[in-house]
Amino acid sequence: MGFRLPVIVQAKNTMRRALSTPKSFDVPKGHLAVYVGETERKRYIVPISYLKHPYFQSLLNKAEDEFGFDHPMGGLTIPCTEEDFIDITSSLN
């Protein structure tokens, strides 16, 4: 399964915006902050290497379908349950 280049470009732009926020000081180089949850959003720090993985790409596609490229939290918002996010990201390690 390939990845969609426009999604990665937009994710990088969103990541730059997220990293320019006041909370950006606690995001290590090579990582990005994402907000996860269906109702209450929780912030997670993930490696940018996840952006190219097909499982994470499916999450990005879901975020694109729901929010387009205007994320209400100012960072990348992924509309899934925290449990699903943890299951997917733990399989990426």
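This briefing covers the sheet, the helices packed on it, the nonpolar core and the aromatic residues of the structure above. The model is predicted. Its sheet is open and has three strands in the order 2-1-3, with mixed pairing. Helix 2 packs on the sheet, and helix 3 does too. The largest nonpolar core has 15 residues, and the structure holds three aromatic pairs.

- Strand 1 covers residues 31–36 and pairs with strand 2 in the antiparallel sense, over six bridges. Within this part of the sheet, Val34 is opposite Tyr44 of strand 2.
- The hairpin of strand 1 and strand 2 has five residues between the strands, and Gly37 in this hairpin takes a positive phi near 140 degrees.
- Strands of a sheet pair through backbone hydrogen bonds, in either the parallel or the antiparallel sense.

**Helices on the sheet**

- Helix 2, residues 54–67, touches strand 2 and strand 3 where it packs on the sheet. The direction of helix 2 makes about 100 degrees with that of strand 3.
- Helix 3, residues 82–92, touches strand 1, strand 2 and strand 3. The direction of helix 3 makes about 10 degrees with that of strand 2.

**Nonpolar core**

- Among the 15 residues of the largest nonpolar core, those that touch the most other members are Val34, Val36, Val46, Phe56, Ile78 and Phe85.
- Strand 1, strand 2, helix 2, strand 3 and helix 3 are the elements that give two or more residues to this core.
- Apart from neighbours within four places in sequence, Ile78 contacts Val34, Tyr35, Val36, Gly37, Phe56, Leu59, Ala63 and Phe85.

**Aromatic residues**

- There are three aromatic pairs in the structure. One of them joins Tyr50 and Phe56, whose rings are tilted, with 6.0 Å centre to centre and 55 degrees between the planes.
- Tyr50 and Phe56 are both buried.
- One aromatic cluster is formed by Tyr44, Tyr50, Phe56 and Phe85. Of these, Phe56 and Phe85 are also among the core residues that touch the most other members.

Conventions: Residues are numbered from 1 along each chain as its sequence is written. This is a predicted model: local features need pLDDT of at least 70, side-chain atom pairs count only at pLDDT 80 or more; totals for chains, interfaces and linings use all residues. Side-chain values use heavy atoms; hydrogens and water are left out. Rings of Phe, Tyr and Trp (its six-membered ring) pair if their centres lie within 6.5 Å; planes under 30 degrees apart count as stacked, over 60 as edge-to-face and the rest as tilted. Buried means under 20% relative accessible area, exposed over 50%, partly exposed in between (1.4 Å probe, protein chains only). Two strands pair if DSSP finds at least two bridges between them. Helices (H or I, at least four residues) and strands (E, at least two) are DSSP runs, numbered from the N terminus. Contact means heavy atoms within 4.5 Å. Axes are lines fitted to C-alpha atoms, for helices over the stretch in contact, and angles run from 0 to 180 degrees between N-to-C directions. A nonpolar core is a set of buried Ala, Val, Leu, Ile, Met, Phe, Trp, Tyr and Cys residues joined through side-chain atoms within 4.5 Å.
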